[in-house]
Amino acid sequence: MMGKSEKQKQLTFTSLENLSQWEGLPIVPEDSIYAALGRDEEVFRDELFADAYAQVGHPSKSPAFLCKVMVLQFLDNCSDREAEDRARYDLRWKRALGIGLGEAGFDYSTLSKFRTRLLLFRKERTVFAAILEKAAAHGFLTGEQVTQIMDSTFTIGAAAVQDTYRLIRNAIRKLLHSLNRRTNPEDRQLFTGLKLDYQDRKKPDIDWDNAEAREALLNDLVADAQKVLALTATLRLTEIEQKLRDTLVRVTYQDIEPRAEGDGVVIKKGVAKDRIISTVDPEMRHGRKSASRTFNGYKTHIAMEQESEFISAVEVTPGNVHDGEVAKDLIDQQPEELKPDKMIGDTCYGTGPVRKDMAERHIEVLAPVAEGRNAGGLFKKADFQIDLKAETCFCPAGQKAVKIRRDHKTQELKAFDFAPAQCQNCPLKDQCISNKKGYRSIPVHPYERYLQEGRKQQETPAFKAEYRQHRPAVERKQAEMVRHGVRKARYFGLAKVRLQMFFVTAAVNYKLFVKKLQEQAAALKNQVTSPGISVAT
């Protein structure tokens, strides 16, 4: 049964209200975020979580109270155990949570159970949404001509990255451990006779500097994995067992290839696409934030309203997901009244698919189009004049392409080809072609129309001025999020990391909400004391 916050508690000797000042100063300033949390009964309401609790039974800890604790955790960037300590001895937390000097507050284990309940009943974004709702009610979110800025930042996963040997070994051990819980002794006896012992967690005792020893271990691991997979193919597996088996399939084959000569397998060169990097958190991925900056974990994507700077949408993906793929998800998760009319982003959001998705949602895109680079400083595609309606293409020398290629199935325009005679006799040949064919081909992107519109737009002074002025704002917001815990995942799994980021952004938004409330109150007070002066002045 859901416990409720005690809104009107009888004052006692240990109540914080009895110690309102210390040496003439308030113990917890009224304009602090802790005092604001203590007064807040609009955003943090127990009834928001009523459908996640039974109607009978022993009362739980108030969900509104625990949500305040979780917001405080990310405001002060502390762990569950430290949060329990803060509630016991930190007067600021006591004021925010409404607990007396002699009250302990809560046990840290309550937070883990509460997070599980939030995920189970899909309540992870409730507080985040409630803050935005109240911000809109107070007029802090504009209702018309909204512009949102999108970007992502990396979140390092909580699990350690594992090599191929450890991945396969741990995946086998996890599946065997789950199957050994079965009551049917025949199921447990299926997996005898494996080459290695998977009860022992220790690293295999081999000479790791010896390539032959490493290869022999790899082949033993793969042989055991294949045997386990073959035996489990005919078993009726639970949902958890099936997930463990699927993980074993992926990690067994993602990094290996047959030996060039003879039997057996070896580790192949390169990194497999969408490679699993940990059996502890199989949803983590290798990610790249730039050409020289890599990370392992997740990406946290946000959409921020340009004028108010409230974060209006949050999404978390594995680290290898392209930023542009998440743009439509950020839009679609927002209520209709908060969706933007314009979206600003970097080149990741200037792609054809993103522009098409936004056009379908009647949203203008303000993002540069990434241009491919030609080796040797040759003419780029943008240097050619392409008319999709007339289906013509002119090169920098004024020559018109003589051949049009189309897709065999869809008959859509695929490329323009110039004739060899045109290119070989051209005075600009050395600046245009370097291939053996002796002529230039210009491919036509499936989203070429949207890309052309983007290229034309980004050359205008209005685009350059607006982009230069507003794009950096989202990076400042991300820097603030880093201070409150966005850089490092606290939990394993995409769902739990997503919950973490909803509360990180809730904490960031709540700071801004309280600041704007104070500014609004100050403006109204100034308007009352100075009737002849408008609030804008």
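At 6% relative accessibility, Thr279 counts as buried, because the cut-off for burial is under 20% relative accessible area. Thr279 is placed in the loop between β5 (265–267) and β6 (285–288). Its contacts, leaving aside neighbours within four places in sequence, are with Gln162, Leu167, Asn170, Ala171 and Lys174. The structure is a predicted model.

The protein holds 17 helices and 15 strands. Its C-alpha trace spans about 95 × 85 × 40 Å along the principal axes. Of the 537 residues in the protein, 45% are buried.

Val43 lies in the loop between α1 (33–39) and α2. Its relative accessibility is 2%, so Val43 counts as buried. Not counting residues up to four places away in sequence, Val43 touches Leu48, Val127, Ala130, Ile131, Lys134, Tyr510 and Phe513. Helix α6 covers residues 126–137. The buried residues of α6 are Thr126, Val127, Phe128, Ala130, Ile131, Leu132, Lys134 and Ala135.

The length of α6 was checked against expectation. At 1.5 Å a residue, its 12 residues should span 16 Å. The end C-alpha atoms of α6 are 16 Å apart, which agrees. Gly139 follows α6 and has a positive phi, near 85°. Val43 and Gly139 are 96 residues apart in sequence. In space, their C-alpha atoms are 15 Å apart.

Helix packing was examined next. Two packed helices are described by the angle between their axes and the distance between the axes. Helix α2 (residues 63–75) packs with helix α5 (residues 109–120) at an angle of about 105°. Their axes are 11 Å apart. The two helices, α2 and α5, are therefore roughly perpendicular to each other. On the α2 side, the contact is made by Pro63, Leu66, Cys67, Val69, Met70 and Gln73. On the α5 side, Thr110, Leu111, Phe114, Arg115 and Leu118 take part. The residues of this contact divide into eight nonpolar, two polar and one charged.

Helix α12 (residues 352–360) also has buried residues, namely Gly352, Val354, Arg355, Asp357 and Met358. Their cover includes α11 (327–332), β9 (342–344), β10 (364–366) and α14 (448–458). After α12 comes His362, with a positive phi near 60°.

β6 and β7 form a hairpin with five residues between them. Four bridges join these two strands, β6 and β7, which run antiparallel. His286 stands opposite Asn296 in β7. In a regular strand the side chains alternate between the two faces of the sheet. The covered face of β6 carries Arg285 and Gly287. Its uncovered face carries His286 and Arg288.

Strand β7 (residues 294–305) continues the pairing to β8, with seven bridges in the antiparallel sense. Ala303 has Ala313 of β8 as its bridge partner. The hairpin of β7 and β8 has five residues between the strands. Glu309 in this hairpin takes a positive phi near 70°. Strand β8 (residues 311–318) has seven of its eight residues buried, so it is largely enclosed by the rest of the structure.

Three further strands form an open sheet in the order β13-β14-β15, with antiparallel pairing. β13 (403–406) and β15 (441–443) stand at the edges. Each has a single partner strand, so one side of each is left without a neighbour in the sheet. Neighbouring strands of this sheet are turned by 25° against each other on average, direction ignored. Strand β14 (residues 413–417) pairs with β15 over three bridges in the antiparallel sense. Within this sheet, Phe416 stands opposite Ile442 in β15.

Methods
Residues are numbered from 1 along each chain as its sequence is written. This is a predicted model: local features need pLDDT of at least 70, side-chain atom pairs count only at pLDDT 80 or more; totals for chains, interfaces and linings use all residues. Side-chain values use heavy atoms; hydrogens and water are left out. Two strands pair if DSSP finds at least two bridges between them. Axes are lines fitted to C-alpha atoms, for helices over the stretch in contact, and angles run from 0 to 180 degrees between N-to-C directions. The expected span of a helix is 1.5 Å times one less than its number of residues. Buried means under 20% relative accessible area, exposed over 50%, partly exposed in between (1.4 Å probe, protein chains only). Angles under 35 degrees count as roughly parallel, over 145 as roughly antiparallel, 65 to 115 as roughly perpendicular and the rest as oblique. Contact means heavy atoms within 4.5 Å. Ala, Val, Leu, Ile, Met, Phe, Trp, Tyr, Cys and Pro count as nonpolar, Asp, Glu, Lys and Arg as charged, and the others, Gly among them, as polar.
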